[in-house]
Amino acid sequence: MPNGTQAPATAEGPIQHTQNQAQPTIHQAMALVMRDVRNVGKNGRNNSQNYSFRGVDDAIAALAQPLRDHGVFMTPEVLDCESESRGKMNAVRMRVAFHFYGPAGDSVRAVTMGEASDVADKASNKAMSAALKYALIHTFMIPVDAKSLDDGDRDHPVGHQSPADTYVKRLRKPMVWNSPAALAAMHAEVKADGLLDATVPGPDGETTLGELIVSRGTSLKALAAEREAQRAEEAPKAAAQVAAEHGVVPPAAQEEDSAAPDPLEALMEKVSNSWKNARGMKQNLLEGKKLGVLDVMVPSKAGPVKLGDLMQNRIDQLEAASQERNAA
């Protein structure tokens, strides 16, 4: 008798399945399933991202009875699986083989990819469901209505942005990208969210969000130092020209300490370091009041905000969290 498709190999070698020639082959049974399967539309709805989708439950419901009627069943096999952290999200990508067995004992295999993200422990479950959905739809050519085809040229949901992606989008805005103080404020936010090590695209390839912010701040400081050095170099020439034109001998130029730190920038560094310390934030608030910089606008998650308001809101958050811990 001819043998059907072999099952996965064991330590002793592949298991042979003897085909029952009195029964239809798996190919014949699958053709009958395809004949009986009903169409599936995008009946699910994601309200948070405003798009419709075709769920795995819909595909299973469409095939369950035809598979039973024609004696076909399926077993999954995970071929490989990769996982990574995307900020606070756990992402999983896996390749899954689905083995379909027929009444005669033979089988065929369909391999699909599944990818999903989740903030908890459900990323693998979701990836497995995605692989199953497309294995069923593609293997059995489940009919879909024309308005719900998974076609990139049709209605397509905007990809979900990770928290790190959101920060990168804000970082690229000129008011942040070109401001050392704004960069320091964002660094404090990113540090508080635990995203300094999140992988993001940089000018020279992938980098971390923390390195991207710090490198930009370093570049701005270098540019400022270069401009200061150029002004210092050109100052004597300009003074000599003024003296020559007006017959005035300028007073001796006083050396300026070009390395003196910007008070606002130094304060933002302190804010970053004490972001989780209410007492330190209060000290920063007092120092900002003395410097007269509390009304300086800095970026935040909710948009531009006064530096004084940013620090006071953070102090309120820390004290509220402390009270909740004490109450518990």
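Trainee: In what order do the strands of the open sheet of three strands run?

Mentor: Strands of a sheet pair through backbone hydrogen bonds, either parallel or antiparallel. In this predicted model, the open sheet has the order E3-E4-E5, with antiparallel pairing. Strands (E, at least two residues) and helices (H or I, at least four) are DSSP runs, numbered from the N terminus, and two strands pair if DSSP finds at least two bridges between them. Strand E3 (73-86) and strand E5 (107-118) stand at the edges with a single partner strand each, so one side of each has no neighbour in the sheet. The twist averages 15° from one strand to the next.

Trainee: Over how many bridges do E3 and E4 pair?

Mentor: E3 and strand E4 (residues 89-101) pair over 13 bridges, in the antiparallel sense. Met-74 stands opposite Phe-100 in E4.

Trainee: Which strands does helix H3 lie across?

Mentor: Helix H3 (residues 123-139) lies across E3, E4 and E5, at about 140° to E5. Helix H1 (residues 26-36) lies across E4 and E5, at about 55° to E5. Axes are lines fitted to C-alpha atoms, for helices over the stretch in contact, and angles run from 0 to 180 degrees between N-to-C directions. Contact means heavy atoms within 4.5 Å.

Trainee: How should I read two packed helices?

Mentor: Two packed helices are described by the angle between their axes and the distance between the axes. Helix H2 (residues 56-69) and H3 pack at an angle of about 40°, with their axes 9 Å apart. That makes H2 oblique to H3; angles under 35 degrees count as roughly parallel, over 145 as roughly antiparallel, 65 to 115 as roughly perpendicular and the rest as oblique. On the H2 side, Val-56, Ala-59, Ile-60 and Leu-63 meet Ser-129, Leu-132, Lys-133, Leu-136 and Ile-137 in H3.

Trainee: At what angle do H9 and H10 pack?

Mentor: Helix H9 (residues 278-291) and helix H10 (residues 307-327) pack at about 160°, with axes 9 Å apart. H9 is therefore roughly antiparallel to H10. Among the residues making the contact are Met-281 and Leu-285 of H9 and Met-311 and Ile-315 of H10.

Trainee: What conventions apply to the numbering and the values?

Mentor: Residues are numbered from 1 along each chain as its sequence is written. Local features need pLDDT of at least 70, side-chain atom pairs count only at pLDDT 80 or more, and totals for chains, interfaces and linings use all residues, while side-chain values use heavy atoms, with hydrogens and water left out.
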